[in-house]
Amino acid sequence: MVFDGRSLLPDLDPKRITIATYCSHTSLQIFHGARKEGFRTLGICVGEPPRYFEGFPLGRPDEFLVLKDHADLFNHVEELRRRNVVLVPHGSFVEYLGANRFLDLPLVTFGNRNVLPWESDRGRSKQWLDKAGLQLPRHITDPRDIIEPVIVKYHGAKGGRGFFIARNYHEFKSRIDETKPYTIQEFVLGTRYYLHYFYSPLRGDAYRLSKGSLQFLGVDRRDETNIDEANRLGSIAELEAIGIKPTFVVSGNFPMVIRESLLPKVFRMGEGVVETSMPLFGGMIGPFCLETVVTDQLEFKVFEISARIVAGTNPYVGGSPYTEMIEPGLSTGRRIAQEIRLAAETGRLAEITS
Ligand code: AMP
């Protein structure tokens, strides 16, 4: 059973909300944005408060809640409720806690937690993105059909760990760990863009949808080790010959802009994702990211969706080239806080929490 945090709203004082998240991933940005919008902030951490926060006075939370381990969060639920906490999930938060425990968490959380099963199950996310009219990389069901480069992804593998490229069945067989479930996708050749959106069911002052409106806040490219620099040593084939395999582990992010002529497609893709999410599971609320490759035909192929704030927004703590034209200095973290503030002030928290 998925817990519905909205059942707790009658006891939440909308004038005294504290914004809380785990200290990792995008937490500096979330706290920084929440402070700018006048919220109190609470950093949840395990063991002891991370010392790196000392280095960033404007991104530091007002207080820390120190846990013994991640699951210990459940022992502090009463206290967090007393503190009027609205939790903001990010990728690491969900990963550390575990998707099932996150769904059960008896606290008010920002966004719609029902998105999680649709995002984390590759079959379901494909169904969602297909319905949204997006082009996805071709899916290969039988490895004997590999006749062009493919990327093999183990289910639940985080940060691209363990993914590999294969050009034919023989390469696939020599690299696959058959004990783990996996998916085979066409390896799309092109340039990667990770598109950051924000959907508000409350505001109508952006790209208008059937309900609310959509913003495009920025775009990044991930720096993935070691594939992104491997060519310094030789071609991938040469490296593999000496036993070096390319990996896709994210170590950082580059700020980017995208050709202006691609923006109509960027918005149409975001629109499709949000509109189809409403009948499927009640709506994709707040920030999300489409992970795409643009081919030389200038077509987007979408290989993944992240249904919450992504670390690729971190280059834009002080605003992006796109948010400059929405509200100078606006980060995704701050945009989340604005949505919570607007909902709290207008009695609409039930529309943006779960
Ligand atoms: P993911 O965990 O699905 O985000 O994939 C990790 C990384 O693998 C991505 O950031 C891309 O660099 C790469 N990747 C994933 N899927 C594809 C694909 N279909 N074609 C080309 N590169 C991909």
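## Model and domains

The structure is a predicted model, and the values in this report should be read with that in mind. The chain is divided into two assigned domains, of which domain 1 is made of residues 1-111 together with 327-354, while domain 2 is made of 143-188 together with 224-251. Taken over C-alpha atoms, the centres of domain 1 and domain 2 are separated by 36 Å.

## The parallel sheet

Five strands form an open sheet in the order β3-β2-β1-β4-β5, and their pairing is parallel. The edge positions are taken by β3 (63-67) and β5 (108-109), each of which has a single partner strand, so that one side of each is left without a neighbour in the sheet.

Strand β2, residues 40-46, is joined to β3 by five bridges, and in this pairing Gly43 is placed opposite Phe64 of β3. The pairing of β2 with β1 is also described by five bridges in the parallel sense, with Thr41 of β2 as the bridge partner of Ile19. Because five of its seven residues are buried, β2 is largely enclosed by the rest of the structure.

## The antiparallel sheet

A further open sheet has four strands in the order β6-β9-β7-β8, with antiparallel pairing. Here β6 (139-140) and β8 (164-166) stand at the edges, and since each has a single partner strand, one side of each is left without a neighbour in the sheet. The contact between β6 and strand β9, residues 182-186, consists of two bridges in the antiparallel sense, and His139 stands opposite Gln185 of β9.

## Helix α9

Helix α9 covers residues 263-281, which makes 19 residues, and it reaches 27 Å from its first C-alpha to its last, close to the 27 Å expected at 1.5 Å a residue. The buried residues of α9 include Leu263, Val266, Phe267, Met269, Gly270, Val273, Val274 and Phe281. Thr276 and Ser277 of α9 are likewise buried. An α-helix has 3.6 residues a turn, so residues three or four places apart point the same way. The helix α9 is followed by Gly282, whose phi is positive, near 95°.

## Backbone exceptions

Most residues other than glycine have a negative phi, and most peptide bonds are trans. Against this background, His25 has a positive phi near 65°, and His25 is found in the loop between β1 (18-22) and α1 (27-36). Asn84 has a positive phi near 60° and is placed in the loop between α2 (77-82) and β4 (85-87).

The peptide bond that joins Thr225 and Asn226 is cis, with omega at about 10°. Asn226 belongs to strand β12, which covers residues 213-226.

## Salt bridges

The structure holds 33 salt bridges. In one of them the side chains of Glu63 and Arg83 meet, with an N to O distance of 3.4 Å. Because Glu63 lies in strand β3 and Arg83 in the loop between α2 and β4, this pair ties together parts that are 20 residues apart in sequence. Glu63 is partly exposed at 31% relative accessible area, and Arg83 is partly exposed at 24%.

Lys180 forms a salt bridge with Asp177, where the closest N and O atoms are 4.0 Å apart; Lys180 is partly exposed, with a relative accessible area of 38%, and Asp177 is partly exposed, with 28%. In the salt bridge between Glu229 and Arg232 the closest N and O atoms are 2.9 Å apart, and here Glu229 counts as partly exposed at 43% relative accessibility, while Arg232 counts as exposed at 70%. Salt bridges that share partners also join Arg192, Arg222, Glu224, Asp228 and Glu291 into one network.

## A nonpolar surface patch

Leu233, Ile242 and Ile244 make a nonpolar surface patch of about 320 Å². Within this group, Ile242 lies in the loop between α8 (236-241) and β13 (248-256), and Ile242 is exposed, with a relative accessible area of 63%.

Notes
Residues numbered from 1 in each chain as written. Predicted model: local features only at pLDDT ≥ 70, side-chain atom pairs only at ≥ 80, totals over all residues. Heavy atoms only, no water. Expected span 1.5 Å × (residues − 1). Buried < 20%, exposed > 50% of the residue type's maximum accessible area, 1.4 Å probe, protein only. Patch = residues over 30% accessible without salt bridge, like charges linked within 9 Å, V, L, I, M, F, W, Y side chains within 5 Å. Areas by Shrake-Rupley, 256 points an atom, 1.4 Å probe, with all protein chains shown as cover. Domains from an automatic or database assignment. Pairing = 2+ DSSP bridges.
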